[in-house]
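Subject: Handing over a structure

Dear colleague,

I am passing on the structure below, together with some notes on what was found in it. Please read the notes with the structure open beside them.

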There are 4 protein chains.
Amino acid sequence: MTFSSDVRDALIHQEIELPSWAFGNSGTRFKVFGQPGVPRTPEEKIADAAQVHRHTGIAPSVALHIPWDRVDDYAALAHHARDLGVRIGAINANVFQDDDYRLGSVANPDPVVRRKALDHLLECVDVMDATGSRDLKLWFADGTNYPGQDDIRARQDRLAEALAAVRDRLGPGQRILLEYKLFEPAFYTTDVPDWGTAYAHCLRLGEQARVVVDTGHHAPGTNIEFIVAFLLREGRLGGFDFNSRFYADDDLMVGAADPFQLFRIMHEVVRGGGLAPEAGIAFMLDQCHNIEPKIPGQIRSVLNVQEATAKALLVDAHALAAAQSAGDVLGANAVLMDAYHTDVRPLLAELRADRGLDPDPMAAYAASGHAEKIAAERVGGRPAGWGA
Amino acid sequence: MTFSSDVRDALIHQEIELPSWAFGNSGTRFKVFGQPGVPRTPEEKIADAAQVHRHTGIAPSVALHIPWDRVDDYAALAHHARDLGVRIGAINANVFQDDDYRLGSVANPDPVVRRKALDHLLECVDVMDATGSRDLKLWFADGTNYPGQDDIRARQDRLAEALAAVRDRLGPGQRILLEYKLFEPAFYTTDVPDWGTAYAHCLRLGEQARVVVDTGHHAPGTNIEFIVAFLLREGRLGGFDFNSRFYADDDLMVGAADPFQLFRIMHEVVRGGGLAPEAGIAFMLDQCHNIEPKIPGQIRSVLNVQEATAKALLVDAHALAAAQSAGDVLGANAVLMDAYHTDVRPLLAELRADRGLDPDPMAAYAASGHAEKIAAERVGGRPAGWGA
Amino acid sequence: MTFSSDVRDALIHQEIELPSWAFGNSGTRFKVFGQPGVPRTPEEKIADAAQVHRHTGIAPSVALHIPWDRVDDYAALAHHARDLGVRIGAINANVFQDDDYRLGSVANPDPVVRRKALDHLLECVDVMDATGSRDLKLWFADGTNYPGQDDIRARQDRLAEALAAVRDRLGPGQRILLEYKLFEPAFYTTDVPDWGTAYAHCLRLGEQARVVVDTGHHAPGTNIEFIVAFLLREGRLGGFDFNSRFYADDDLMVGAADPFQLFRIMHEVVRGGGLAPEAGIAFMLDQCHNIEPKIPGQIRSVLNVQEATAKALLVDAHALAAAQSAGDVLGANAVLMDAYHTDVRPLLAELRADRGLDPDPMAAYAASGHAEKIAAERVGGRPAGWGA
Amino acid sequence: MTFSSDVRDALIHQEIELPSWAFGNSGTRFKVFGQPGVPRTPEEKIADAAQVHRHTGIAPSVALHIPWDRVDDYAALAHHARDLGVRIGAINANVFQDDDYRLGSVANPDPVVRRKALDHLLECVDVMDATGSRDLKLWFADGTNYPGQDDIRARQDRLAEALAAVRDRLGPGQRILLEYKLFEPAFYTTDVPDWGTAYAHCLRLGEQARVVVDTGHHAPGTNIEFIVAFLLREGRLGGFDFNSRFYADDDLMVGAADPFQLFRIMHEVVRGGGLAPEAGIAFMLDQCHNIEPKIPGQIRSVLNVQEATAKALLVDAHALAAAQSAGDVLGANAVLMDAYHTDVRPLLAELRADRGLDPDPMAAYAASGHAEKIAAERVGGRPAGWGA
C-alpha cells in the first residue's frame with residue numbers, strides 16, 4: 001500500500017501550529033511539577049518549537065501568549081523565529097491572570113476593568129501587526145461561580161461591545177478566532193460556553209470573526225465532529241485548539257484519549273474541504289505537559305494529528321458515498337473503519353524519509369541530545385510557566 | 001407576606017400548555033405499564049387536559065401530536081375543546097414512527113422518504129389552519145447510529161431544504177418552533193443536537209422560526225438558563241418543552257429532579273421579559289408519566305412551574321442589580337436564594353381561592369371522583385399511547 | 001509480522017457468547033423497526049447464532065433470555081443447539097416486563113410481587129439444570145423514578161434476601177452473574193447502579209456470585225478498564241456484556257463507539273489473566289441491532305472483540321513493565337499505543353484461513369445466501385422481539 | 001409551625017467541621033485571587049474558624065491539613081483552639097505537593113517515594129496523637145494521565161500495602177477515613193476513583209477504616225444519596241466532605257449548586273441513623289472560596305447544611321413509609337417535597353435566639369467588624385494557601 005499523490009500532497013502541506021506555553025511548566029491547581037531544561041524566555045520557547053518542526057517537518061509556526069511571551073521587540077522575535085526555521089502564528093490574549101479579573105474581564109461589571117481588558121486585546125492586535133500574525137485567538141475565562149452573581153444577559157452585552165471594538169481595530173487579513181469552553185475557571189456560567197454562543201457573536205462581528213474549536217472544551221457526550229462539519233458548512237470554522245481529555249479540560253496530548261474521535265474530526269475536515277489552504281483553518285495544538293517531557297510531548301501530538309489526517313485521507317470517499325446513499329449502515333461504517341484500522345505509520349515514515357527527515361521523529365529527537373543540552377544550559381533564571 | 005399586584009397579575013396570566021400525549025400510556029423501551037382510565041381518543045385526552053385546567057386555572061390549552069391525535073374534523077375537535085373550557089395549542093409533527101423513517105425523515109438519504117416526511121409536515125400546517133394553532137413544533141428524530149453511516153453535512157442540506165419548504169407554507173402569525181436534542185433515538189449523531197444548530201437554522205428561516213428549549217435534551221452539565229437568557233436576548237426563544245431528568249431524556253415531571261434549576265430558568269425568563277404575552281414564549285409541558293397517574297402528574301407539573309415562576313417573580317430585582325454591580329458575590333447570590341427559599345405555596349393557595357379555585361388542586365382532583373369515573377367508563381377500546 | 005504461538009493459542013481458544021435477543025427485533029421507546037428474516041422462535045434464533053459461529057469460529061454459545069426464549073423442553077433446545085454446532089450459554093432472567101413489576105421486582109414494596117419475581121429467578125435455575133448452563137445472569141430494572149418514592153435501604157434488604165434465596169438454590173458449578181446499571185428504566189435510583197453495589201452483594205453471597213460488567217452501563221467518564229482490573233484483582237469479575245455507546249445505554253456494536261476503550265479493557269483482561277479458561281470470565285455480547293442487519297451486526301461485533309483481543313495480546317509486556325517502572329510516561333504509553341495502532345486484520349485473516357474458515361467472515365456471510373434464505377422462509381408468525 | 005423537641009435536639013447537637021484551608025487563598029490552575037485579611041498561620045486560620053462557630057453555634061471543630069498547618073507544637077495548637085472555643089478535628093494528609101510525587105505517592109512505581117509518602121502518613125498519626133484527633137482523612141491524588149503509564153493492578157497492591165501500614169499504626173479509637181475521587185489531578189486513572197474502591201479497601205483494613213463521601217467527587221449523574229444510604233447500611237460511612245459543584249470538583253459552597261440534592265443526602269443520613277453521635281459520621285466541609293470572602297463563605301455553607309438537615313428532620317417518616325408501602329408514587333414524593341419546600345429559616349432563627357445566638361449569622365458577622373479587623377491586622381507575612 002502507498003499513499004496516492006493527492007494524499008501525499010495534502011500531508012506534506014498540512015501545518016500544525018505549536019503553542020509556546022507547551023514548553024513551559026504547567027500543572028493542576030494542586031501542583032506544578034517542574035522539569036529540567038524548561039525555557040526561561042520566549043526566545044527559548046521558540047527554539048524548542050523549532051526542534052519539533054525539525055523532526056516532524058509540519059510544525060512551522062508557534063503561537064504566542066501575551067503577556068507570557070511579552071517582549072520589547074516583537075519584530076525581533078519574529079526574526080528570531082525565522083532564523084530558527086519557524087514563524088510566529090496566532091496571538092493569544094490573556095485577560096484572566098490579573099487580580100482585577102476576579103469577576104471577569106470584558107464582561108466584568110466594572111467598566112474600568114472592562115476597559116483594561118479591552119486595552120489588552122487591542123495591544124494584542126499591535127503585536128499581530130509587528131509579528132505579521134493573521135489570527136487573534138480570544139478565550140475568555142469570564143463567567144460566574146454562583147447563581148445570581150451577575151446578570152447573564154448584561155454580560156453578553158458587555159462582551160459584544162468589546163468584541164466589536166476589537167473587530168474595528170483589525171487590519172485587512174487579520175481575524176478574530178473566538179474560543180468557547182463549557183466551564184472552568186468559571187463554575188456556574190461561562191460567558192462563551194458553547195459553539196452556538198461563539199457562532200452567534202461571530203455572525204454579528206462579520207467575516208473577520210470565526211469560531212475555534214478546542215477539542216477539550218465540551219460537555220460529556222458532545223459530538224465534536226458534528227460541530228466541525230456544521231461550522232465548515234457555515235464557513236465559520238476558524239481553526240482548532242487540539243488536545244485530548246478523558247474527563248474535563250485535561251489538556252492531554254491530542255489523540256491520546258480517543259484516537260478514533262480525532263480521526264472522525266479529521267474526516268469531517270477532509271470532507272468539508274478544511275485541509276485546503278484557502279479554507280483558512282488553523283490547526284493548532286493547545287495543551288500542556290504536566291508530567292511528561294514537553295518537546296517529545298509536542299512531537300507525539302503532531303504525529304497523532306498527522307496520523308489521524310492520513311487515515312482520514314485514506315477514506316474511500318466514493319465507496320462511502322455509495323454505501324451512504326444506498327442506506328447500507330454497516331457497509332458505510334465499514335468504509336470508514338477500514339481507513340481507521342489501517343496502520344499508516346510505515347507510510348508516514350516513508351514520506352518523511354522522502355522529505356529528508358528521519359522516519360522516526362521521536363527516536364530522532366531522543367538521539368539528538370537536545371534534551372540533555374537544554375537541561376545543562378538552562379540553569380538559573382525563572383522557568384517559564386503560566387504565571388509568566 | 002403577600003404577592004404584589006404585579007406578581008399576582010403575572011401569575012394569573014401565565015399559561016402552561018399541556019401535551020395530549022401525557023394522558024396516554026407511555027414507558028421505556030423495556031416496558032409500557034398500562035393504567036386504568038387512559039383515554040382512547042383525542043377527545044378523551046382533551047377532556048383530561050380540561051380537568052387539569054379546571055383545578056389549576058392556568059392550563060387553558062392542549063397541544064396535539066399528529067398522527068397520534070389525527071381526527072377527521074379538526075375544527076370539530078377545536079370546538080370540543082372550547083366546550084370543555086380549553087383550546088388547541090401547538091401542533092406537534094411526528095416523522096419518526098413509520099417504517100420508512102428507519103434512516104431518518106427529512107434528512108433521509110432517500111428523496112422519496114424525504115418527500116413523504118415533508119408532506120406530513122405540510123399536513124400539520126393544514127391542521128393548524130383548522131385548529132387556529134399558532135405554532136408548529138418540529139422535533140426530528142433524525143440522525144445516525146454509526147460513524148460514516150451518512151454524510152453529516154448532506155443531512156444538514158436536506159434538513160434546511162425541508163424547513164424552508166415548511167416556512168414557505170406558513171400563514172401569517174404561524175410559527176415554526178424548532179426543537180433540538182442531544183441524542184436518542186439516534187445514537188451517534190443527531191441532526192439538530194443543540195441550540196446552536198436550531199438557532200442557525202432559524203436565522204436562515206427568518207422571523208417566523210424560533211428555538212424551543214426542551215429541558216431534558218441537553219448534555220450533562222449544560223447550563224440551560226444561560227441558553228434561555230441568550231435566546232431571549234437574540235429574540236429567538238420560541239418556548240419551552242418542560243420536563244425534568246436526572247440522567248438523559250427521562251421525561252419526569254418538571255421540577256421533580258432539580259427544582260432549583262427550574263427556578264433559575266424562570267428567573268431568566270422573568271429577567272428577559274419572557275412572561276409578557278407579547279414575548280410570544282410558549283410554556284409547554286412535554287413529559288410522560290410512566291409509573292405515576294397521569295392527570296395528577298400533570299397537575300403537579302403545572303404547579304411546579306407556577307411555584308418556580310412565583311419564586312422568580314419574588315426576586316428583588318433592584319437589590320440583585322445593586323449587589324451585582326457592586327461585585328458582591330455572596331450578596332447577589334443571597335438575593336436570589338432568598339426568593340428561592342421562600343415557601344410560596346400558601347400565597348399561591350390564597351391566589352387560587354381568590355380566583356374561585358380550590359386552594360389545593362391535587363386534593364381537589366383526588367376528591368373530584370374523576371379518576372374513578374374514567375376508570376369505570378373507559379373500558380374497552382384501545383388506550384392511547386405513543387403508537388396511536 | 002506474525003502472531004506468536006501463544007497469541008495464536010489465546011485467540012483460537014477465546015469464546016464469545018451471543019445473545020439470542022440480538023437476532024430479534026429491537027428498538028427505542030420511539031419505534032421498533034422490523035427487519036425481514038427475523039426469527040420467530042428460540043430455535044430460529046439459535047440457528048442464526050450458529051451462522052455467526054460458522055463464519056467467525058469463536059462464538060460457540062448462545063445465551064437465552066427467559067421468558068423470551070421459553071420452550072417446553074429445554075433439553076431438546078440444548079440438543080438442537082448442539083446439532084447446529086453451538087451450545088446454550090448463560091440464562092438471563094427477566095423480571096421487568098410484567099405489569100406487576102411497575103414498582104420493581106425483587107425490591108418491590110409488595111411481598112407478593114417479590115415472591116413472584118423470586119419464583120421466576122428460581123425457574124431460571126431450573127432452566128440452567130436442563131440446559132447445563134453455568135451462569136445465571138441477573139439484571140434488575142428495579143429502582144425508583146422520584147425521590148421519596150420508596151426507601152432506598154429497604155429495597156437493598158429485599159434485594160439481598162432474594163439474591164440469597166437464589167444462591168441457595170444454585171447447584172455446584174453454577175454461578176450468579178450480577179449486573180449493574182447506572183440508570184434506565186429507573187430514572188432516579190437504580191437498586192444496583194454501579195460495580196460497588198454489585199460487588200458488595202457478591203461478597204455476601206459467597207464464591208458463587210460474581211460481577212458482570214456491561215460496557216454500556218456506566219456514568220460518563222467512568223474508567224471501565226479500571227473496574228475490570230480491580231475486579232480481576234479481587235477475583236470477582238464474572239464476565240462482560242459487551243456493547244458500545246456514545247451517550248447512555250445505546251447498545252451499539254461493541255467497539256463501534258470507542259475501539260480504543262475496548263482495547264484498553266482487553267489489555268486489562270490479558271494483564272489480569274482473564275483470558276485463561278480457569279479464570280472463568282464469560283465474554284458475552286449484549287447488544288441490539290436497531291437499524292443494522294442483525295446477523296452481520298453480530299459477526300462484526302465478534303470480530304471487533306477479536307481484533308481488540310489480538311491487539312492486547314501484542315502488547316510487549318516486558319517493555320511495558322520496564323517503561324512503567326522507570327517512570328517513563330511517554331515510553332510506556334508508546335508501548336501500549338504501538339500494539340493498538342497495529343493493523344491485526346491481515347493476521348487474523350491468516351489465522352482463520354489456517355483453521356479452515358473464510359478469512360473474511362463479513363464477506364463470507366454476505367455470499368452465503370443465508371440472509372436471503374431466512375427472509376424468504378421466515379414469513380408469517382410473529383417475529384421475535386423484546387416483548388416475546 | 002415549630003420544631004418538635006426531637007428536631008430541636010438533633011439540630012442543636014449537629015456538628016459541622018470546618019477545614020482550615022477554607023480560610024487561606026485558593027483558586028484554579030489559571031489564577032489564585034488573593035484577598036485581604038487572609039490568615040498567615042494555622043493559629044490565624046483557627047481564629048477564623050472560631051468566628052464561624054461563634055455565629056453559627058454548630059461548627060466547633062476545625063480540620064488540619066499537614067503540611068499546610070504544620071507547627072512545632074501540636075498540643076499547643078490544640079490548646080489555642082480550645083481557648084478560642086473550638087477543637088482540632090480530622091487530620092488531612094497531603095502526599096501530592098512534593099516534586100517526588102509527580103507519578104504518585106503510595107502507589108508510585110518507585111519504592112523510595114512510596115516510603116516517603118508512607119512516612120508522611122505515619123507522621124500524621126503522630127499529629128493525631130498530639131491533637132487528640134479521631135480521624136485521619138486520606139485523599140490520594142495518585143493515578144495516571146495516560147493509558148499504559150503504569151500498571152493499574154500493581155498500583156492497587158502498593159496502595160493496599162501502605163494503607164495496611166497506616167492501619168497498624170492507629171491507636172484505639174483512631175480511624176482512617178478513605179476518600180475517593182473520580183478524576184483530577186490524575187486524568188486517565190485515579191487509584192481510588194469511586195466509593196466501591198474505597199469500600200473494598202476499607203473492608204480489608206477492618207473496623208477502623210471507613211469511606212468518606214466528598215460530594216464533589218462523582219461522575220455526572222451519580223446518585224450520591226444512594227451511596228450514602230448504602231454505606232450507612234453497611235456500617236462503612238465515615239463522613240462527608242461537603243461542597244457543591246455544577247461540573248467537576250468545583251469546590252463551591254455546599255448547597256449552592258443543588259440544594260435539593262443536599263436535602264436528599266441529609267434525608268438518607270436521617271433515615272439511616274447517621275445524625276446520632278454513636279453513628280460516628282463526621283460532617284466536614286471541604287471547599288474553597290476562590291472569589292467570595294472566606295469567613296462568610298463558611299458561615300453560609302454551615303447554614304446550608306443546617307437548613308438541609310432541618311428540612312430532612314421535618315420529613316413525616318410515618319406518612320412517607322405509608323405512601324411507600326402503598327406504592328403511591330406521587331404521594332410518597334409529595335411527603336418528601338413538602339418538607340423540602342418548607343422555609344425553615346424562621347424556625348432556625350428562633351432556635352438560634354433561644355441559644356443566645358444572633359438569629360442572622362451572616363448579618364451578625366458583617367456587623368462584627370471582624371473582616372475589617374483582620375484586613376487591618378494581617379498585613380505582611382505570607383498569606384496561607386494551598387502551597388504553604
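A salt bridge is taken here as a side-chain nitrogen of Lys or Arg within 4 Å of a carboxyl oxygen of Asp or Glu. By that criterion A:R233 forms a salt bridge with B:D157, the closest N and O atoms being 2.6 Å apart. Please keep in mind that this is a predicted model, and that the values in this message are computed from it.

The pair belongs to the interface between chain A and chain B, where 55 residues of chain A are in contact with 55 residues of chain B. The two chains bury about 4,500 Å² between them, with 58% of that area on carbon and sulfur atoms. On the side of chain A, the residues that lose the most area to chain B are A:R153, A:F226 and A:R233, which together account for 16% of what that side buries.

Between these two chains there are six salt bridges, and 18 residue pairs are in polar contact. Several elements of chain A give two or more residues to the side that touches chain B, among them α5 (152-169), α7 (224-234) and α8 (259-271), while α6(A) gives the most, with eight residues. The residues on that side of chain A divide into 25 nonpolar, 16 polar and 14 charged.

How are the two chains related? A rotation of 180° with 0.0 Å of shift along its axis superposes chain A on chain B, with an RMSD of 0.0 Å, and that is the relation of a two-fold axis. Of the residues of chain A, A:G196 comes closest to the rotation axis, its C-alpha lying at 2.0 Å. Because 100% of the interface residues of chain A are also interface residues in chain B, the copies meet through the same surface.

Salt bridges also occur elsewhere, and a search of the whole structure finds 144 of them over all chains. Within chain A, A:D48 pairs with A:R378, the closest N and O atoms being 2.8 Å apart. A:D48 lies in helix α2 (residues 42-56) and A:R378 in the segment after α14 (370-377), so the pair ties together parts that are 330 residues apart in sequence. Both A:D48 and A:R378 are buried.

Another salt bridge joins C:D338 to A:R345, with the closest N and O atoms 2.7 Å apart; this pair crosses between chains, from helix α11 of chain C to helix α12 of chain A. Here C:D338 is partly exposed, with a relative accessible area of 41%, and A:R345 is likewise partly exposed, at 23%.

With best wishes

Note on methods: Residues numbered from 1 in each chain as written. Chains lettered and ligands numbered in written order. Predicted model: local features only at pLDDT ≥ 70, side-chain atom pairs only at ≥ 80, totals over all residues. Heavy atoms only, no water. Contact = heavy atoms within 4.5 Å. Buried area = accessible area lost by both parts, 1.4 Å probe. Polar contact = N/O pair within 3.5 Å; in protein donor to acceptor, adjacent residues only side chain to side chain. Helix = DSSP H or I, 4+ residues; strand = E, 2+ residues; numbered from the N terminus. Nonpolar A, V, L, I, M, F, W, Y, C, P; charged D, E, K, R; others polar. Least-squares fit on C-alpha atoms with pLDDT ≥ 70 in both. Buried < 20%, exposed > 50% of the residue type's maximum accessible area, 1.4 Å probe, protein only.
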